[in-house]
Amino acid sequence: MTDSSDPQPQNESAKTDHEGRKPRGIYLLPNLFTTGALFAGFYAVIAGMSGRYEAAAVAIFLAMVFDGLDGRVARMTGTQSKFGAEYDSLSDMVSFGIAPALVSFTWVLSDLGKVGWVAAFIYCAGGALRLARFNTQIGSIDKRYFMGLPSPAAAAAIAGLIWFCTVNEIDPNGFAYGMAVYVALAGVLMVSNILYYSFKDVDFKGRIHFLKLAAIVLVVAVIATNPALFLWVLFLLYAISGPLLWLWRRRPRGAK
């Protein structure tokens, strides 16, 4: 699980010119992926305003793909930069903060008046605060965990529900207030102190047992049969996992 607030890492050992100054300009490749994520988030807003909610939801998931690639490409090619890290954070705010809030608002929350826009704003503000906190805590917490729900996962939990309901022609007006609580709660979880597993300690370069590979292929195949449903369920379960683990850690020591 990557975090939208997992920006392109900075490379303090960037090459310098013959006078000892760092060269000007920006690295093209990782920032192309960041631009792709930004475009996908922007497109999601436009599609939502046009009433094309399935396209808007898919665009948010596409932004997640680009966001997961930019940092990895930067590390693989040694093109990390402070500019890339800042650009990545701004892109994340659009794709995983503003876009889900506005798409959910135009989808159903606008019918609730003040309740609707307050819920959307809570989510949007939660995304901004989550990004700002993450950027100031890089290197200060256990890399195995995120503090608070990662903004891409929060965005996916909202986009997945919208996608599922749109594909199955489910009228959201029947659970408009529930959607308001759902969106606001996602915003609150982003700024909470609840820990979420980051999957950063998983060795993707190492060898795995054949049965594990077969299981991964099976999971991908199942998701492909109904991506709207299974992607929503996947990220919903991830969002719930944090509070459940928090409750598990707080159980009485003698409890079985």
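I count two rings of Phe, Tyr or Trp (its six-membered ring) as a pair if their centres lie within 6.5 Å; planes under 30 degrees apart are stacked, over 60 edge-to-face, and the rest tilted. The model I looked at is predicted, so I kept local features only at pLDDT of at least 70 and side-chain atom pairs only at pLDDT 80 or more, while totals for chains, interfaces and linings use all residues. Residues are numbered from 1 along each chain as its sequence is written, and side-chain values use heavy atoms, without hydrogens and water.

**Ring pairs.** I searched the whole structure and found 10 aromatic pairs. Phe83 and Tyr87 have ring centres 5.8 Å apart and planes at 35 degrees, so I noted this pair as tilted. Both sit in helix 3 (residues 82-107), 4 residues apart, about one helical turn. Helices here are DSSP runs (H or I, at least four residues), strands likewise (E, at least two), numbered from the N terminus.

I then looked up Phe164 and Trp232, whose centres are 5.5 Å apart with planes at 25 degrees, so the pair is stacked. Phe164 lies in helix 5 (residues 151-167) and Trp232 in helix 8 (residues 227-249), 68 residues apart. Phe164 is buried at 17% relative accessible area; buried means under 20%, exposed over 50%, and partly exposed in between (1.4 Å probe, protein chains only). Trp232 is also buried, at 17%.

I also noted a cluster in which ring pairs link Phe61, Trp163 and Phe235.

**Helix 8.** Which residues of helix 8 are buried? I listed Ala228, Leu231, Trp232, Phe235, Tyr238, Ala239 and Gly242.
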